[in-house]
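Work through the exercises below with the structure in view. Each task is followed by a solution in steps.

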Amino acid sequence: MKYLFPLLLMACVSLSFIANHQDSTVGQNIPQTTMENDSVLRHVVLFKFKDSTSETDIAKVQDAFSALPTKIPEIAGYEWGLNNSPEGLEKGFTHCFFLTFKSEEDRATYLPHPDHKAFGEVLGPHLDDVLVIDYWTK
């Protein structure tokens, strides 16, 4: 019984947020995947390495990914980092690579690019899981 009030409160707040969000977008034409003139396409890649992967092999993967912007001119921006979130929600993903493209065409050139494929050969034996999310932003 002592948990009923907090659960009901959370449900009300959630429903209120959803209702307000839906109301604010009614009648608006919000493009989901189209490029605007001042927008960039972000390509976020998260890696979870196999437990058996050595630090040396992880460093080789990091170096190989970091070399891609010098080999593939369509990559407009690049950064990477290690997870340091205190929330404990990383589900084993430790590395985040963040690429920026100016267009979907640039991303389409990058994905099958021979240097990107060669990177996949370096990564493949050590990869336990990968998560990729792309989105447009200003």
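The model is predicted. In it, both Phe47 and Phe119 are buried.

**Exercise 1.** Classify the ring pair of Phe47 and Phe119 as stacked, tilted or edge-to-face.

Solution. Step one: Phe47 has 2% relative accessibility, and buried means under 20%, so Phe47 counts as buried. Step two: the ring centres of Phe47 and Phe119 are 6.2 Å apart, with planes at 25 degrees. Step three: planes under 30 degrees apart count as stacked, so this pair is stacked. Step four: Phe47 belongs to strand S1 and Phe119 to helix H4 (residues 114-123), so the pair links distant parts of the chain, 72 residues apart.

**Exercise 2.** Classify the ring pair of Phe47 and Phe97, and state which parts it ties together.

Solution. Step one: the structure has nine aromatic pairs. Step two: in the pair of Phe47 and Phe97, the centres lie 5.3 Å apart and the planes meet at 50 degrees, so the pair is tilted. Step three: Phe47 is in strand S1 and Phe97 in strand S3, so parts 50 residues apart in sequence are tied together. Step four: Phe97, at 0% relative accessibility, is buried. Step five: ring pairs join Phe47, Phe97 and Phe119 in a cluster that also includes Phe49, Phe65, Tyr78 and Trp80.

**Exercise 3.** Describe how strand S3 (residues 95-101) is enclosed and which strands pair with it.

Solution. Step one: six of the seven residues of S3 are buried, so the rest of the structure largely encloses this strand. Step two: strand S1 (residues 40-49) pairs with S3 in the antiparallel sense over seven bridges, and Leu41 stands opposite Phe101. Step three: strand S2 (residues 77-82) pairs with S3, also in the antiparallel sense, over six bridges; Gly77 has Thr100 as its bridge partner.

Terms used:
Residues numbered from 1 in each chain as written. Predicted model: local features only at pLDDT ≥ 70, side-chain atom pairs only at ≥ 80, totals over all residues. Heavy atoms only, no water. Buried < 20%, exposed > 50% of the residue type's maximum accessible area, 1.4 Å probe, protein only. Helix = DSSP H or I, 4+ residues; strand = E, 2+ residues; numbered from the N terminus. Pairing = 2+ DSSP bridges. Phe/Tyr/Trp six-rings, centres within 6.5 Å; stacked < 30°, edge-to-face > 60°.
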